[in-house]
Amino acid sequence: MRRCIKLAKKGEGRVSPNPLVGAVIFDDDFNIISEGYHQKYGENHAERNAILKTNVDLKGKSIIVNLEPCSHYGKTPPCADLIIEKGIKKVIIGMLDPNPIVCGNGVKKLKEAGIEVIVGILERECRELNKFFLKDFLEKKPYITIKTATTLDGKIATKTGSSKWITDEASRLEVQKLRNRYDAILTSSKTVIKDNPSLTCRIKNGRNPVRIILDTNLTTPVDSKVYIDNAKIIVVTGENISDEKIKKYSENIKFIKCKLKNGHIDLNIAVKLIYQEGIKSILVESGSILNKAFVEENLADNLIQFIAPKILGDKEGVSFIEGFERFKISECNNLNITSTKRLKNDIMLIGDFTSK
Ligand code: AOF
Ligand code: ZN
């Protein structure tokens, strides 16, 4: 199953809104006969790729796959049918498919054909792998991660605004990998004006995510780097912004007018509108104000914090979540740490928000 997950990850950034899936076919002595993964949205599923890649007779062989094989006619015929047709005797599945047209039906089809089916191997890891897909089907909302790079005491800049570079190049490379994984990167007009980031993905075989800019009063310069259009760009702006003002920007930018709340874009509404644009996962790469807003509104699912072994001091720096206040430990927002990794001299900490 770990091999399936590893294979599935090769499809990162290419398969959304579909799931990441890997499949391995093996014999009774655990020799691998074939393997495959879902490579690109709309193309063959993992099981089909693994099955069609080999000329070996698959009768009596086993297949392991991280997601329940599908039972429906979609862009391709059902994988369950192909498994049955090839005479495979055993199917080992990481998790059931949350997609209601498949959920349980794939397993049923296989069992009815006399195939031995085992479900729930490394289920936690399989669910983590497809957390965007799960959130889409179970909640009809995009999965939202806040990414931040801080000192040991949680600061993202000094009081004079100096922030380059808190973390080292190993952390920054990891951010590039993240950008390849998410459908979109979201930032604020403030970050665009202050840092003029390009927010592109610059790793080998990477692809640029959609860039989303929240710009309530449309104050970002039209020639900001984020507006260089080598990927889809969405600007969410205030509902009262005139079309005249919008016309000054590139025609390739998709503008969405959104209701305001206390003078700012209403994040709950903005997130729904962004989801309607087909965005299933968002990496928030912004400053403390937007980070705070996403946490306050209970919209953040996940935090990725790159922590550098530096101490800035209490009153000197800007917190990654400035203005967020809790007066009792019992009232804190809590996270479940899902992974920690040392990168050169920094630590990458990943956690899921629990108090929602
Ligand atoms: C994939 N890749 O490897 C598996 C999937 O639109 P379709 O026909 O490609 O069907 C997509 C659905 O198929 C998807 O929502 C999921 O329920 C199921 N399994 N999908 O794209 C795969 N195994
Ligand atoms: Zn399938």
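Me: If a polar contact is a pair of N or O atoms within 3.5 Å (within protein, one able to donate a hydrogen and the other to accept it, with sequence neighbours counted only if both are side-chain atoms), how far is the side chain of N99 from an oxygen atom of ligand 1?

Reply: An N or O atom in the side chain of N99 is 3.0 Å from an oxygen atom of ligand 1. This is a predicted model, in which local features need pLDDT of at least 70 and side-chain atom pairs pLDDT 80 or more, while totals for chains, interfaces and linings use all residues. Residues are numbered from 1 along each chain as written, chains are lettered from A and ligands numbered from 1 in written order, and side-chain values use heavy atoms, without hydrogens or water.

Me: Which other contacts does ligand 1 have, and how much of it is buried?

Reply: A polar side-chain atom of H38 lies 2.9 Å from an oxygen atom of ligand 1, and a backbone N or O atom of A46 also lies 2.9 Å from an oxygen atom of the ligand. Taken alone, ligand 1 exposes 480 Å² (Shrake-Rupley, 1.4 Å probe), and the protein buries 96% of that.

Me: Which residues come nearest to ligand 1?

Reply: Of the 15 residues around ligand 1 (a heavy atom within 4 Å), H38, H45, A46, K75 and D97 come nearest.

Me: Switching topic, where does the second largest pocket lie, and what lines it?

Reply: Domain 1 (2–132) and domain 2 (142–353), with bounds from an automatic or database assignment, both give residues to its lining, so the second largest pocket lies between them. A pocket here is an open set of points on a 1 Å grid where a 1.4 Å probe fits, with protein on both sides within 12 Å along at least five of seven lines, and lining residues have an atom within 4 Å of a point. The lining has 47 residues, with R127, E128, L129, N130 and K131 nearest the pocket centre.
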